[in-house]
Amino acid sequence: MVLIGFGHVGRRFAHLLGELKPELEARGIEPVVMGIATRHHGSLFNGAGLDTVQVAQRVAEGDLVGPASTSPSAHDLIAQFCSKDGMASPGSERDAAPPGSSAEARVVVETTPLDVQSGEPAISHIRAAFAGGAHVITANKGPVAHAYRALADESRTAGVRFLFEGAVMDGIPIFNLVRETMPGATVLGFRGVVNSTTNHILTAMEHGDAFDAALARMQALGIAEADASLDVDGWDTAAKVAAMANVWMDAGLSPRDVQREGISSADATRVVTALGRGQRVKLVGRASRTDAGVHASVRLETLEMSDPLGGLEGQANALEIDTDVLGRVVITQRDGGLEKTAYALFADLLTIAKSVRSSTVRHEEAP
Ligand SMILES: NC(=O)c1ccc[n+]([C@@H]2O[C@H](COP(=O)([O-])OP(=O)(O)OC[C@H]3O[C@@H](n4cnc5c(N)ncnc54)[C@H](OP(=O)(O)O)[C@@H]3O)[C@@H](O)[C@H]2O)c1
(Lines give C-alpha, C1' and ligand atoms only; values in the text may rest on other atoms or scores of the structure.)
Protein backbone atom coordinates (compact mmCIF):
# COMPACT_ATOMS: atom_id res chain seq x y z
CA MET A 1 0.00 0.00 0.00
CA VAL A 2 1.10 3.58 -0.57
CA LEU A 3 -0.45 6.70 0.93
CA ILE A 4 -0.75 9.68 -1.43
CA GLY A 5 -1.47 12.55 0.97
CA PHE A 6 -0.52 12.37 4.63
CA GLY A 7 -2.55 15.16 6.24
CA HIS A 8 -5.34 14.91 8.82
CA VAL A 9 -7.04 11.91 7.20
CA GLY A 10 -3.92 10.09 6.00
CA ARG A 11 -2.23 10.30 9.41
CA ARG A 12 -5.38 9.24 11.26
CA PHE A 13 -5.64 6.24 8.90
CA ALA A 14 -2.02 5.33 9.68
CA HIS A 15 -2.85 5.29 13.41
CA LEU A 16 -6.06 3.30 12.82
CA LEU A 17 -4.15 0.57 10.95
CA GLY A 18 -2.14 0.07 14.14
CA GLU A 19 -5.15 0.30 16.48
CA LEU A 20 -7.20 -2.22 14.47
CA LYS A 21 -4.31 -4.59 13.77
CA PRO A 22 -6.07 -7.46 15.63
CA GLU A 23 -9.10 -7.07 13.32
CA LEU A 24 -6.79 -7.26 10.31
CA GLU A 25 -4.85 -10.22 11.66
CA ALA A 26 -8.09 -12.06 12.40
CA ARG A 27 -8.85 -11.78 8.68
CA GLY A 28 -5.35 -12.76 7.63
CA ILE A 29 -4.55 -9.27 6.35
CA GLU A 30 -1.09 -7.79 6.81
CA PRO A 31 -1.00 -4.29 5.35
CA VAL A 32 2.47 -3.06 4.46
CA VAL A 33 2.75 0.67 3.78
CA MET A 34 5.69 1.04 1.40
CA GLY A 35 5.39 4.71 0.54
CA ILE A 36 4.03 8.07 1.63
CA ALA A 37 3.79 11.14 -0.61
CA THR A 38 2.95 14.72 0.31
CA ARG A 39 3.22 18.03 -1.54
CA HIS A 40 5.34 20.14 0.83
CA HIS A 41 6.42 17.64 3.49
CA GLY A 42 8.52 15.31 1.36
CA SER A 43 7.96 11.69 0.41
CA LEU A 44 9.41 8.32 1.27
CA PHE A 45 9.50 4.86 -0.31
CA ASN A 46 10.77 1.67 1.28
CA GLY A 47 9.79 -1.63 -0.29
CA ALA A 48 10.33 -3.39 3.05
CA GLY A 49 7.63 -1.23 4.69
CA LEU A 50 7.51 1.96 6.75
CA ASP A 51 6.65 2.58 10.39
CA THR A 52 3.72 4.87 9.51
CA VAL A 53 2.82 5.68 13.13
CA GLN A 54 6.32 6.93 13.75
CA VAL A 55 6.28 8.97 10.51
CA ALA A 56 2.84 10.39 11.47
CA GLN A 57 4.19 11.45 14.86
CA ARG A 58 7.20 13.12 13.26
CA VAL A 59 5.03 15.01 10.75
CA ALA A 60 2.60 16.11 13.48
CA GLU A 61 5.63 17.59 15.28
CA GLY A 62 6.53 19.62 12.17
CA ASP A 63 9.11 17.26 10.65
CA LEU A 64 9.18 16.09 7.02
CA VAL A 65 8.13 12.65 5.75
CA GLY A 66 11.41 12.52 3.84
CA PRO A 67 14.13 14.93 2.74
CA ALA A 68 12.85 17.28 0.02
CA SER A 69 15.99 16.71 -2.12
CA THR A 70 15.38 12.95 -2.48
CA SER A 71 11.57 12.86 -2.30
CA PRO A 72 9.84 11.23 -5.28
CA SER A 73 6.71 12.90 -6.65
CA ALA A 74 3.39 11.18 -6.03
CA HIS A 75 3.44 9.88 -9.63
CA ASP A 76 6.99 8.53 -9.33
CA LEU A 77 6.12 6.90 -6.03
CA ILE A 78 3.03 5.19 -7.51
CA ALA A 79 5.11 4.00 -10.49
CA GLN A 80 7.86 2.68 -8.21
CA PHE A 81 5.28 0.90 -6.04
CA CYS A 82 3.45 -0.64 -8.99
CA SER A 83 6.64 -1.90 -10.60
CA LYS A 84 7.94 -3.41 -7.40
CA ASP A 85 9.16 -7.00 -7.86
CA GLY A 86 7.22 -9.59 -5.98
CA MET A 87 3.93 -7.70 -5.86
CA ALA A 88 1.18 -9.49 -7.71
CA SER A 89 -1.09 -7.63 -10.08
CA PRO A 90 -4.80 -8.30 -9.61
CA GLY A 91 -5.69 -11.47 -11.45
CA SER A 92 -2.10 -12.68 -11.72
CA GLU A 93 -0.94 -16.12 -10.63
CA ARG A 94 0.30 -14.86 -7.28
CA ASP A 95 -3.12 -13.32 -6.71
CA ALA A 96 -4.61 -16.76 -7.19
CA ALA A 97 -2.94 -18.24 -4.13
CA PRO A 98 -5.24 -20.21 -1.80
CA PRO A 99 -7.26 -18.27 0.79
CA GLY A 100 -5.24 -17.74 3.93
CA SER A 101 -1.93 -17.83 2.07
CA SER A 102 0.07 -15.00 0.56
CA ALA A 103 -2.34 -13.42 -1.95
CA GLU A 104 -1.16 -9.86 -2.38
CA ALA A 105 -2.73 -6.78 -3.80
CA ARG A 106 -1.45 -3.31 -4.48
CA VAL A 107 -3.55 -0.53 -2.99
CA VAL A 108 -3.11 3.22 -3.44
CA VAL A 109 -4.81 5.31 -0.74
CA GLU A 110 -5.47 8.82 -2.09
CA THR A 111 -6.17 11.62 0.42
CA THR A 112 -5.02 14.80 -1.29
CA PRO A 113 -7.17 17.94 -0.84
CA LEU A 114 -10.31 18.57 -2.85
CA ASP A 115 -9.90 20.71 -5.97
CA VAL A 116 -13.55 21.36 -6.62
CA GLN A 117 -12.99 22.87 -10.08
CA SER A 118 -11.03 20.00 -11.61
CA GLY A 119 -10.81 17.01 -9.26
CA GLU A 120 -7.02 17.08 -9.76
CA PRO A 121 -4.38 16.00 -8.83
CA ALA A 122 -6.40 13.12 -7.39
CA ILE A 123 -7.83 12.01 -10.76
CA SER A 124 -4.32 11.68 -12.24
CA HIS A 125 -3.06 9.81 -9.17
CA ILE A 126 -5.97 7.37 -9.49
CA ARG A 127 -5.35 6.84 -13.22
CA ALA A 128 -1.66 6.19 -12.51
CA ALA A 129 -2.67 3.61 -9.92
CA PHE A 130 -5.08 1.85 -12.31
CA ALA A 131 -2.42 1.88 -15.04
CA GLY A 132 -0.07 0.12 -12.61
CA GLY A 133 -2.68 -2.48 -11.65
CA ALA A 134 -3.38 -1.03 -8.19
CA HIS A 135 -6.73 -0.84 -6.41
CA VAL A 136 -7.66 2.66 -5.25
CA ILE A 137 -9.26 3.93 -2.06
CA THR A 138 -9.92 7.65 -1.74
CA ALA A 139 -11.60 10.03 0.70
CA ASN A 140 -11.40 12.80 -1.91
CA LYS A 141 -14.82 13.44 -3.46
CA GLY A 142 -13.31 15.38 -6.40
CA PRO A 143 -12.63 12.35 -8.64
CA VAL A 144 -16.13 10.91 -8.08
CA ALA A 145 -17.74 14.33 -8.57
CA HIS A 146 -15.85 15.02 -11.82
CA ALA A 147 -14.99 11.73 -13.47
CA TYR A 148 -16.89 8.83 -11.89
CA ARG A 149 -18.12 7.26 -15.12
CA ALA A 150 -14.68 7.24 -16.75
CA LEU A 151 -12.83 6.12 -13.61
CA ALA A 152 -15.31 3.31 -12.91
CA ASP A 153 -14.86 2.07 -16.51
CA GLU A 154 -11.07 2.30 -16.22
CA SER A 155 -11.01 0.38 -12.94
CA ARG A 156 -13.15 -2.39 -14.47
CA THR A 157 -10.82 -2.59 -17.47
CA ALA A 158 -7.82 -2.78 -15.14
CA GLY A 159 -9.53 -5.44 -13.01
CA VAL A 160 -9.16 -3.41 -9.81
CA ARG A 161 -11.51 -1.82 -7.27
CA PHE A 162 -12.23 1.92 -7.02
CA LEU A 163 -13.69 2.67 -3.58
CA PHE A 164 -14.49 6.03 -1.98
CA GLU A 165 -16.67 5.42 1.08
CA GLY A 166 -14.99 8.27 3.01
CA ALA A 167 -15.84 10.87 0.36
CA VAL A 168 -19.36 11.56 1.71
CA MET A 169 -20.55 11.46 5.36
CA ASP A 170 -17.16 10.36 6.71
CA GLY A 171 -17.40 6.73 7.81
CA ILE A 172 -21.15 6.26 7.41
CA PRO A 173 -21.48 3.52 4.80
CA ILE A 174 -23.73 5.20 2.26
CA PHE A 175 -22.11 3.87 -0.91
CA ASN A 176 -21.80 0.41 0.65
CA LEU A 177 -25.42 0.65 1.79
CA VAL A 178 -26.75 1.08 -1.73
CA ARG A 179 -24.20 -1.16 -3.50
CA GLU A 180 -24.26 -4.08 -1.07
CA THR A 181 -27.70 -4.03 0.52
CA MET A 182 -30.11 -2.68 -2.09
CA PRO A 183 -29.65 -5.03 -5.04
CA GLY A 184 -31.99 -4.22 -7.90
CA ALA A 185 -33.32 -1.02 -6.26
CA THR A 186 -33.25 2.20 -8.27
CA VAL A 187 -32.33 5.47 -6.59
CA LEU A 188 -34.86 8.07 -7.72
CA GLY A 189 -33.29 10.96 -5.85
CA PHE A 190 -31.91 12.05 -2.50
CA ARG A 191 -31.61 15.02 -0.17
CA GLY A 192 -29.22 15.54 2.68
CA VAL A 193 -27.27 17.70 5.08
CA VAL A 194 -23.80 16.41 4.25
CA ASN A 195 -21.40 19.15 5.35
CA SER A 196 -20.47 19.08 9.04
CA THR A 197 -18.80 22.50 9.06
CA THR A 198 -21.84 24.44 7.81
CA ASN A 199 -24.25 22.50 10.03
CA HIS A 200 -22.07 23.27 13.04
CA ILE A 201 -21.98 26.97 12.11
CA LEU A 202 -25.77 27.15 11.54
CA THR A 203 -26.44 25.43 14.88
CA ALA A 204 -23.96 27.72 16.66
CA MET A 205 -25.61 30.83 15.17
CA GLU A 206 -28.98 29.65 16.58
CA HIS A 207 -27.40 30.09 20.02
CA GLY A 208 -25.99 33.53 19.18
CA ASP A 209 -22.43 32.37 18.44
CA ALA A 210 -20.45 34.31 15.85
CA PHE A 211 -20.01 32.75 12.36
CA ASP A 212 -16.20 33.20 12.40
CA ALA A 213 -15.74 31.64 15.85
CA ALA A 214 -17.82 28.59 14.86
CA LEU A 215 -15.84 28.18 11.62
CA ALA A 216 -12.54 28.49 13.52
CA ARG A 217 -13.61 25.58 15.78
CA MET A 218 -14.12 23.35 12.72
CA GLN A 219 -10.75 24.42 11.31
CA ALA A 220 -9.02 23.66 14.62
CA LEU A 221 -10.53 20.15 14.61
CA GLY A 222 -9.32 19.52 11.02
CA ILE A 223 -12.94 19.04 9.90
CA ALA A 224 -13.22 22.12 7.67
CA GLU A 225 -11.63 21.73 4.22
CA ALA A 226 -8.05 23.04 3.86
CA ASP A 227 -9.71 25.96 2.02
CA ALA A 228 -12.76 26.58 4.27
CA SER A 229 -14.52 28.69 1.63
CA LEU A 230 -15.25 25.33 -0.06
CA ASP A 231 -17.47 24.48 2.93
CA VAL A 232 -19.20 27.81 3.55
CA ASP A 233 -19.79 28.62 -0.13
CA GLY A 234 -21.56 25.28 -0.61
CA TRP A 235 -18.92 23.81 -2.95
CA ASP A 236 -18.19 20.83 -0.71
CA THR A 237 -21.90 19.95 -0.59
CA ALA A 238 -22.17 20.48 -4.37
CA ALA A 239 -19.26 18.08 -4.92
CA LYS A 240 -20.88 15.48 -2.66
CA VAL A 241 -24.24 15.88 -4.42
CA ALA A 242 -22.52 15.44 -7.81
CA ALA A 243 -20.64 12.40 -6.49
CA MET A 244 -23.78 10.66 -5.18
CA ALA A 245 -25.80 11.55 -8.29
CA ASN A 246 -23.01 10.21 -10.52
CA VAL A 247 -22.74 6.92 -8.62
CA TRP A 248 -26.43 6.22 -8.03
CA MET A 249 -28.14 8.00 -10.92
CA ASP A 250 -25.47 7.89 -13.65
CA ALA A 251 -25.91 11.68 -13.78
CA GLY A 252 -22.59 12.65 -15.37
CA LEU A 253 -22.55 15.87 -13.31
CA SER A 254 -19.66 18.00 -12.11
CA PRO A 255 -19.92 20.29 -9.05
CA ARG A 256 -20.40 23.25 -11.41
CA ASP A 257 -23.62 21.65 -12.70
CA VAL A 258 -25.15 21.78 -9.21
CA GLN A 259 -27.17 24.95 -8.49
CA ARG A 260 -25.49 26.27 -5.38
CA GLU A 261 -25.70 28.68 -2.49
CA GLY A 262 -23.65 28.88 0.69
CA ILE A 263 -23.94 30.37 4.16
CA SER A 264 -22.58 33.59 5.65
CA SER A 265 -22.80 35.64 8.83
CA ALA A 266 -25.74 37.47 7.17
CA ASP A 267 -27.88 34.34 7.67
CA ALA A 268 -27.85 34.73 11.47
CA THR A 269 -31.18 36.61 11.59
CA ARG A 270 -32.94 34.04 9.39
CA VAL A 271 -31.56 31.21 11.53
CA VAL A 272 -32.68 32.77 14.83
CA THR A 273 -36.10 33.77 13.44
CA ALA A 274 -36.73 30.24 12.16
CA LEU A 275 -35.80 28.76 15.53
CA GLY A 276 -38.30 31.11 17.19
CA ARG A 277 -40.99 29.52 14.98
CA GLY A 278 -39.87 26.00 15.84
CA GLN A 279 -38.04 25.55 12.53
CA ARG A 280 -34.38 25.12 11.49
CA VAL A 281 -32.38 26.52 8.60
CA LYS A 282 -30.22 23.87 6.93
CA LEU A 283 -27.90 23.71 3.93
CA VAL A 284 -29.57 20.95 1.91
CA GLY A 285 -28.12 19.16 -1.11
CA ARG A 286 -30.63 17.46 -3.41
CA ALA A 287 -30.86 15.55 -6.65
CA SER A 288 -33.87 14.24 -8.55
CA ARG A 289 -34.64 12.89 -11.99
CA THR A 290 -36.41 15.20 -14.42
CA ASP A 291 -37.29 14.86 -18.11
CA ALA A 292 -34.16 16.90 -18.83
CA GLY A 293 -31.87 14.62 -16.77
CA VAL A 294 -30.78 14.77 -13.16
CA HIS A 295 -31.36 18.12 -11.46
CA ALA A 296 -29.13 18.88 -8.46
CA SER A 297 -28.94 21.80 -6.04
CA VAL A 298 -27.52 23.08 -2.75
CA ARG A 299 -29.87 25.52 -1.02
CA LEU A 300 -30.51 27.00 2.41
CA GLU A 301 -33.89 25.53 3.34
CA THR A 302 -36.18 26.19 6.30
CA LEU A 303 -37.30 22.82 7.66
CA GLU A 304 -39.66 21.64 10.37
CA MET A 305 -38.05 20.18 13.50
CA SER A 306 -39.84 16.90 12.78
CA ASP A 307 -38.04 16.61 9.42
CA PRO A 308 -35.17 14.08 9.71
CA LEU A 309 -32.83 16.79 8.39
CA GLY A 310 -34.37 19.55 10.55
CA GLY A 311 -33.43 17.92 13.84
CA LEU A 312 -29.70 17.71 13.09
CA GLU A 313 -27.46 19.35 15.68
CA GLY A 314 -23.86 20.51 15.34
CA GLN A 315 -21.69 18.32 13.16
CA ALA A 316 -24.48 15.80 12.52
CA ASN A 317 -25.28 14.81 8.93
CA ALA A 318 -28.20 12.90 7.43
CA LEU A 319 -29.21 11.65 4.04
CA GLU A 320 -32.63 10.59 2.76
CA ILE A 321 -32.40 8.30 -0.26
CA ASP A 322 -35.57 7.91 -2.33
CA THR A 323 -35.83 4.49 -3.98
CA ASP A 324 -38.40 2.70 -6.12
CA VAL A 325 -38.84 -0.44 -4.04
CA LEU A 326 -37.83 0.62 -0.52
CA GLY A 327 -39.34 4.11 -0.52
CA ARG A 328 -37.36 6.67 1.46
CA VAL A 329 -34.42 5.41 3.52
CA VAL A 330 -32.80 7.79 6.03
CA ILE A 331 -29.29 7.38 7.42
CA THR A 332 -27.93 9.72 10.10
CA GLN A 333 -24.42 10.42 11.34
CA ARG A 334 -24.64 11.94 14.81
CA ASP A 335 -20.97 12.84 15.14
CA GLY A 336 -18.59 12.93 12.25
CA GLY A 337 -14.86 13.37 12.50
CA LEU A 338 -11.50 12.30 11.27
CA GLU A 339 -11.54 8.89 12.89
CA LYS A 340 -14.76 8.06 11.04
CA THR A 341 -13.26 9.07 7.70
CA ALA A 342 -10.18 7.00 8.52
CA TYR A 343 -12.51 4.10 9.32
CA ALA A 344 -14.10 4.45 5.87
CA LEU A 345 -10.65 3.96 4.31
CA PHE A 346 -10.13 0.96 6.59
CA ALA A 347 -13.51 -0.52 5.61
CA ASP A 348 -12.64 -0.06 1.91
CA LEU A 349 -9.35 -1.86 2.54
CA LEU A 350 -11.26 -4.83 3.98
CA THR A 351 -13.59 -4.78 0.96
CA ILE A 352 -10.58 -5.02 -1.34
CA ALA A 353 -9.11 -7.84 0.73
CA LYS A 354 -12.44 -9.66 0.42
CA SER A 355 -12.48 -9.12 -3.37
CA VAL A 356 -8.95 -10.47 -3.68
CA ARG A 357 -9.92 -13.49 -1.58
CA SER A 358 -13.04 -14.21 -3.61
CA SER A 359 -11.15 -13.86 -6.88
CA THR A 360 -8.68 -16.34 -5.40
CA VAL A 361 -11.54 -18.73 -4.69
CA ARG A 362 -12.88 -18.21 -8.23
CA HIS A 363 -9.44 -19.04 -9.63
CA GLU A 364 -9.37 -22.18 -7.52
CA GLU A 365 -12.84 -23.25 -8.61
CA ALA A 366 -12.11 -22.68 -12.31
CA PRO A 367 -11.66 -25.95 -14.24
N1 LIG B 1 -10.78 16.21 7.14
C2 LIG B 1 -11.94 15.55 7.11
O3 LIG B 1 -12.67 15.46 8.11
C4 LIG B 1 -12.39 14.88 5.84
C5 LIG B 1 -13.56 14.11 5.85
C6 LIG B 1 -13.95 13.43 4.68
C7 LIG B 1 -13.19 13.56 3.53
N8 LIG B 1 -12.07 14.36 3.54
C9 LIG B 1 -11.28 14.47 2.31
O10 LIG B 1 -10.04 13.81 2.51
C11 LIG B 1 -9.02 14.47 1.78
C12 LIG B 1 -7.87 14.80 2.74
O13 LIG B 1 -8.33 15.66 3.76
P14 LIG B 1 -7.33 16.14 4.90
O15 LIG B 1 -8.16 16.84 5.90
O16 LIG B 1 -6.45 15.01 5.31
O17 LIG B 1 -6.45 17.20 4.07
P18 LIG B 1 -5.05 17.83 4.50
O19 LIG B 1 -4.87 17.74 5.97
O20 LIG B 1 -4.96 19.14 3.82
O21 LIG B 1 -3.98 16.81 3.86
C22 LIG B 1 -3.77 16.68 2.47
C23 LIG B 1 -2.50 15.92 2.21
O24 LIG B 1 -2.34 15.80 0.80
C25 LIG B 1 -0.99 16.20 0.46
N26 LIG B 1 -0.95 16.66 -0.92
C27 LIG B 1 -1.51 17.76 -1.48
N28 LIG B 1 -1.26 17.81 -2.80
C29 LIG B 1 -0.51 16.72 -3.08
C30 LIG B 1 0.09 16.22 -4.26
N31 LIG B 1 -0.02 16.84 -5.44
N32 LIG B 1 0.82 15.06 -4.17
C33 LIG B 1 0.97 14.40 -3.00
N34 LIG B 1 0.42 14.84 -1.85
C35 LIG B 1 -0.30 15.99 -1.89
C36 LIG B 1 -0.69 17.27 1.47
O37 LIG B 1 0.71 17.50 1.56
P38 LIG B 1 1.27 18.88 2.22
O39 LIG B 1 0.71 18.93 3.63
O40 LIG B 1 2.74 18.70 2.19
O41 LIG B 1 0.75 19.99 1.35
C42 LIG B 1 -1.25 16.61 2.73
O43 LIG B 1 -0.34 15.63 3.20
C44 LIG B 1 -9.65 15.71 1.13
O45 LIG B 1 -9.95 15.42 -0.20
C46 LIG B 1 -10.93 15.90 1.93
O47 LIG B 1 -11.95 16.49 1.17
C48 LIG B 1 -11.64 14.98 4.67
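The structure is a predicted model, in which local features need pLDDT of at least 70 and side-chain atom pairs count only at pLDDT 80 or more, whereas totals for chains, interfaces and linings use all residues. Residues are numbered from 1 along each chain as its sequence is written.

The domain assignment of the protein chain gives domain 1 (2–171 + 340–365) and domain 2 (185–335), the bounds being taken from an automatic or database domain assignment. The centres of domain 1 and domain 2, taken over C-alpha atoms, are separated by 29 Å. To the contact between them domain 1 gives 15 residues and domain 2 gives 19 residues, where two residues are in contact if their C-beta atoms, placed from the backbone, lie within 7 Å. On the side of domain 1 that touches domain 2, the largest share, seven residues, comes from α6; helices (H or I, at least four residues) and strands (E, at least two) are DSSP runs, numbered from the N terminus. By class, this side of domain 1 has nine nonpolar, three polar and three charged residues, with Ala, Val, Leu, Ile, Met, Phe, Trp, Tyr, Cys and Pro counted as nonpolar, Asp, Glu, Lys and Arg as charged, and the others, Gly among them, as polar.

Helix α6 (residues 141–158) also packs with helix α5 (residues 122–131), their axes coming within 10 Å and crossing at roughly 5°. Axes are lines fitted to C-alpha atoms, for helices over the stretch in contact, and angles run from 0 to 180 degrees between N-to-C directions. Helices α5 and α6 are therefore roughly parallel to each other, given that angles under 35 degrees count as roughly parallel, over 145 as roughly antiparallel, 65 to 115 as roughly perpendicular and the rest as oblique. From α5, the residues A122, I123, I126, R127 and F130 meet residues of α6 that include G142, P143, H146 and L151. The residues of this contact of α5 with α6 divide into eight nonpolar, three polar and two charged.

An open sheet of mixed pairing is formed by six strands in the order β8-β10-β9-β7-β11-β12, where two strands pair if DSSP finds at least two bridges between them. Strands β8 (259–260) and β12 (327–333) stand at the edges, each with a single partner strand, so one side of each is left without a neighbour in the sheet. Within the sheet, β9 (residues 279–290) and β10 (residues 293–304) pair in the antiparallel sense over twelve bridges, with L283 opposite L300 in β10, and a hairpin joins β9 to β10 through two residues. Strand β7 (residues 187–193) pairs with β9 over four bridges, again in the antiparallel sense, and G192 stands opposite G285 in β9. Strand β7 is also joined by six bridges to β11 (residues 317–323), the two running antiparallel, and here R191 stands opposite E320 in β11. Helix α12 (residues 268–276) lies across β9 and β10 and runs at about 100° to β9.

Around the ligand there are 28 residues, of which G5, G7, V9, H40 and N140 come nearest; a residue is near a molecule or strand if its C-beta atom, placed from the backbone, lies within 6 Å of it. The elements that give two or more residues to this shell are α1 (8–19) and α13 (338–365), and the largest share, three residues, comes from α1. Domain 1 and domain 2 each contribute at least three residues to the shell, which has twelve nonpolar, 13 polar and three charged residues by class.
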